[in-house]
Amino acid sequence: MSILRRLRASGPRLLPELDDVKLGRVRRQLTSPGIPGQSGIQIDQVDRLLQETGADWDRRTHRLSVLAEAAAPSGLARSWRMRRPNSGEAMVFEAWVELVRGRHDGKMADARSAADDCHRAADALPGDPTPWVVLLGILRLVRADSRELFTVWHEVTSRDPWNREAHLQMLRYLSPEECGSRSSQLEFLDAVRTGVPSNAPAVGMDLTALVDEHARTVARGGVEALLVRRQWTNHRATRALDAALAHWPRAGHLQYAAALADLNLLAFALVQAGRPREGAGVFDLLGDTVTPWPWSLDGDPLRQFGYWQAKALG
């Protein structure tokens, strides 16, 4: 998007669908006030949106994630499952909705039932990684044994080696806050870094871990929080930022479904590192699309994004 077009836009916006226009249209319908008899239409729209991704597992995972979040407050997933009890799409969608609710509540109402749905969906959709992606999220939420998690991890990566959502689940599971340690997380990052192509959906893991570390330090408070910017000047952080800057801002380089989310991540990281002007190309590619995380770490995400975008492009 050119600067002129951006100035004519409505300003920064939170768009969970990012640049997926069809997904955005259906998401808005799912979150609009209900109309009697509308659930059948919504089910057909969601089903069609998922079916048209074909074997584009990256796009399918992104769409499922956004739609499950939008449908979590409603009974849509249950209605779909009741209408089409043998549909693999209905099974995986209901399991993902239950996972979303579990994340919001801090625990799942019936994790075993949701996990069973994932296994049934995997049988119905043998080449599809998304049932295993949801199962990975469920196991992470219940803090299952790492051997169980890695078994599911291999099921995902054998079908979709660079699945972004699965990599994020493993990264957070292996963190010191959850079931791992700093060393186990760094070991995982080293393994990813050695093989991930520069335009793969999982390319943002290094920066994600650095922003998580930044948030962890700020949350602890004290002197470390006041000096948090120093974390962005060490070799690991500088290497990750320089590698991202060398490739990500090139027009058309990042083509995966959540590319704009990772560009938000890079823009935020450059701000924290005191390098906002180096992010001019990144902010230009982003236009008005904002993700709540990580901008919400510093306050209102729209205000933070707008302020730093103006600084970078001014």
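Predicted model: local features only at pLDDT ≥ 70, side-chain atom pairs only at ≥ 80, totals over all residues.

User: Where do Asp 128 and Arg 60 sit in the chain?
Analyst: Asp 128 is in the loop between α7 (111-124) and α8 (130-141), and Arg 60 is in helix α4 (residues 57-71). The pair links distant parts of the chain, 68 residues apart.

User: Is Asp 128 buried or exposed?
Analyst: Asp 128 is buried, with a relative accessible area of 3%. Arg 60 also counts as buried, at 3% relative accessibility.

User: How many salt bridges does the structure hold?
Analyst: The structure holds 30 salt bridges. A network of them links Asp 20, Lys 22, Glu 52, Arg 59 and Arg 63.

User: Which residue forms a salt bridge with Glu 94?
Analyst: That is Arg 81, and the closest N and O atoms are 2.9 Å apart. Glu 94 lies in helix α6 and Arg 81 in helix α5, so the pair ties together parts 13 residues apart in sequence. Glu 94 is buried, with a relative accessible area of 4%, and Arg 81 counts as buried at 12%.

User: And Glu 177, what does its side chain meet in a salt bridge?
Analyst: Its partner is Arg 216, at 2.2 Å from N to O. Glu 177 is in the loop between α10 (164-173) and α11, while Arg 216 is in helix α12 (residues 205-220), 39 residues apart.

User: Changing topic. Which residues touch the most other members of the largest nonpolar core?
Analyst: They are Val 46, Leu 67, Phe 93, Leu 207, Trp 232 and Trp 295, out of 93 residues in that core. Helix α15 (residues 259-272) gives the most to this core, with 11 residues.

User: What is Phe 93 in contact with?
Analyst: Leaving aside neighbours within four places in sequence, Phe 93 is in contact with Val 46, Leu 64, Leu 67, Ala 68, Ala 71, Leu 76, Ala 77 and Trp 80.

User: How many aromatic pairs are there?
Analyst: The count comes to 7 aromatic pairs. One of them is Trp 80 with Phe 93, a tilted pair at 5.4 Å centre to centre and 50° between the planes. Trp 80 is in helix α5 (residues 76-83) and Phe 93 in helix α6 (residues 88-105), 13 residues apart. Both Trp 80 and Phe 93 are buried.

User: Why is the pair of Trp 153 and Phe 188 edge-to-face?
Analyst: Their planes are at 65°, and angles over 60 degrees count as edge-to-face. The ring centres are 5.6 Å apart. Trp 153 lies in helix α9 (residues 146-159) and Phe 188 in helix α11 (residues 182-195), so the pair ties together parts 35 residues apart in sequence. Trp 153 is buried at 10% relative accessible area, and Phe 188 counts as buried at 9%.

User: Which residues form an aromatic cluster?
Analyst: Phe 268, Phe 283, Trp 295 and Phe 305 form one cluster. Trp 295 was also named among the core residues that touch the most other members.

User: Last one, the surface. What makes the nonpolar patch of about 320 Å²?
Analyst: Val 223, Leu 226 and Leu 227 make that patch. Val 223 is in helix α13 (residues 222-226) and is exposed, with a relative accessible area of 58%.

Terms used
Residues numbered from 1 in each chain as written. Heavy atoms only, no water. Core = buried A, V, L, I, M, F, W, Y, C linked by side-chain atoms within 4.5 Å. Buried < 20%, exposed > 50% of the residue type's maximum accessible area, 1.4 Å probe, protein only. Helix = DSSP H or I, 4+ residues; strand = E, 2+ residues; numbered from the N terminus. Contact = heavy atoms within 4.5 Å. Patch = residues over 30% accessible without salt bridge, like charges linked within 9 Å, V, L, I, M, F, W, Y side chains within 5 Å. Areas by Shrake-Rupley, 256 points an atom, 1.4 Å probe, with all protein chains shown as cover. Salt bridge = Lys/Arg side-chain N within 4 Å of Asp/Glu carboxyl O. Phe/Tyr/Trp six-rings, centres within 6.5 Å; stacked < 30°, edge-to-face > 60°.
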